[in-house]
Amino acid sequence: MSTRIYLDYNATAPTRAEARSAVAQALELHGNPSSVHEEGRRVRALVEAARGKVASLVGADPRNVIFTSGGTEANVTALSPLNVDPDAPDGVLCFMSEIEHPSVLAFGRFAPDAIRFIGATGDGIINVAALEREIDAHDGPFLVSVMAANNETGAIQPLARIAEIVRAHGGILHCDAVQAAGKIPLDITELGAHMLSLSAHKIGGQHGVGALVLGEGMARLPCPLIVGGGQEFRARSGTENVAGIAGFGAAAECAARELANMGKLAVLRDRLEAEILARAPDAVFFSQGAPRLPNTANFAVPGMRAETIVIALDLAGIAVSAGASCSSGKVEQSHVLTAMGAPADVARGAIRISLGWDTGEKEIDTFIEAWSGIYGQFEKRQAA
Ligand code: PLP
């Protein structure tokens, strides 16, 4: 049995037993969900049950849930000028924060010159006043894309206020809620988002499944990224990933049920930060002054290199992330910490610890012990 300690839930959460069992049950069935015969109807029923569960995680109408191959596809589907003005897409601007996930920062289907970046505060919150000024100055159709919570720092963005501004100016609001879902309560109507992205593997489902959820005032279906057979209300063609979707539904149901337990993670996270600070008084904790996801800590000790810490912790049986660490496994300086004004030498040392439902006191104690050993060696080298 593995004795490893997994503190990297923001990268991927472990697959929940309920999701594994829903996937296994779905794999027992065959049939195409678009077929009218009994086999088809049975798998269709699985897809629709999952749609209901995913919808209920974010307070949406199940008819507004479009399954995708993940958060990235949901984001790219949302980011199209055709979703704002299908008749004159050329005039549509897209405002996004500098701290968005790379799948948003890649512009989706907007032309690069239609993008306007909005900066962030030192605490990792989008500069709402700057966003409002830019929107005021623009006389035309626009889309705003702001994440609900940041994947690196956990900083929760003021979505309701942003929605007020966007809606008052007749714009469309997309919210990447991939990290916030299952960690804080989310209601698409309260958030005021027209479109909201979700990903199954961040809440205990499988990789490669996600959803774009539509909210109030989204007058049209998003312009499909993948065209063909017209599945998913004609918004995303391709035969549905039935097993993955079934697992996503089961994970969403568990995540919704466990939201009430999330406060416990904040207590553990705060203890972890306090213990680090007690040992390393010059440690810098990112977004500590902002509303944050209860499970996320991101900190650096000036002079310590993130790669070194992550490797040493890995050897000690503990999984954490350095920087953003989403795709290539390469540690690059975090664009999020840079946007927050973190000095390069501090940002280079940032490690992200993200807790989840399997994290308890023991995991935190083991982490502190291992980290303290690594820090002790660093101190010795500094003194030599
Ligand atoms: N958005 C955010 C905030 C994320 O953290 C991630 C994944 O790390 C994604 C989008 C992409 O989701 P997926 O891995 O399902 O493509």
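The legends below describe close-up views of a predicted model.

**View 1. The two domains of the protein chain.**
The protein chain is divided into domain 1, made of residues 5-14 together with 260-383, and domain 2, which covers residues 17-257. Between the C-alpha centres of domain 1 and domain 2 there is a distance of 28 Å, and their contact takes 30 residues from domain 1 and 31 residues from domain 2.

**View 2. The area buried between domain 1 and domain 2.**
The size of an interface is often given as the accessible area lost when the parts come together. Here about 2300 Å² is buried between domain 1 and domain 2, and carbon and sulfur atoms give 54% of this area. On the side of domain 1, Leu293, His335 and Met340 supply 23% of the area that this domain buries against domain 2, which is more than any other three residues supply.

**View 3. Strand 3 beside strand 5.**
Strand 3 (residues 93-97) pairs with strand 5 (residues 142-145) in the parallel sense, and four bridges join the two. Within this pairing, Leu93 has Phe142 of strand 5 as its bridge partner, while Met96 has Ser145 of strand 5 as its bridge partner.

**View 4. The side chains of strand 5.**
In a regular strand the side chains alternate between the two faces of the sheet. In strand 5, Phe142 and Val144 point one way, whereas Leu143 and Ser145 point the other way, and all of these residues are buried.

**View 5. From strand 5 to strand 6.**
Strand 5 and strand 6 run parallel and are joined by three bridges, and the bridge partner of Ser145 in strand 6 is His174. The chain passes from strand 5 to strand 6 through helix 6 (residues 159-168), and the β-α-β crossover formed in this way is right-handed.

Terms used
Residues are numbered from 1 along each chain as its sequence is written. This is a predicted model: local features need pLDDT of at least 70, side-chain atom pairs count only at pLDDT 80 or more; totals for chains, interfaces and linings use all residues. Side-chain values use heavy atoms; hydrogens and water are left out. Two strands pair if DSSP finds at least two bridges between them. Buried means under 20% relative accessible area, exposed over 50%, partly exposed in between (1.4 Å probe, protein chains only). A crossover is right-handed if, with the strands pointing away from the viewer, the path from the first strand over the helix to the second runs clockwise. Domain bounds come from an automatic or database domain assignment. Contact means heavy atoms within 4.5 Å. Buried area is the accessible area (1.4 Å probe) that two parts lose on being put together, summed over both.
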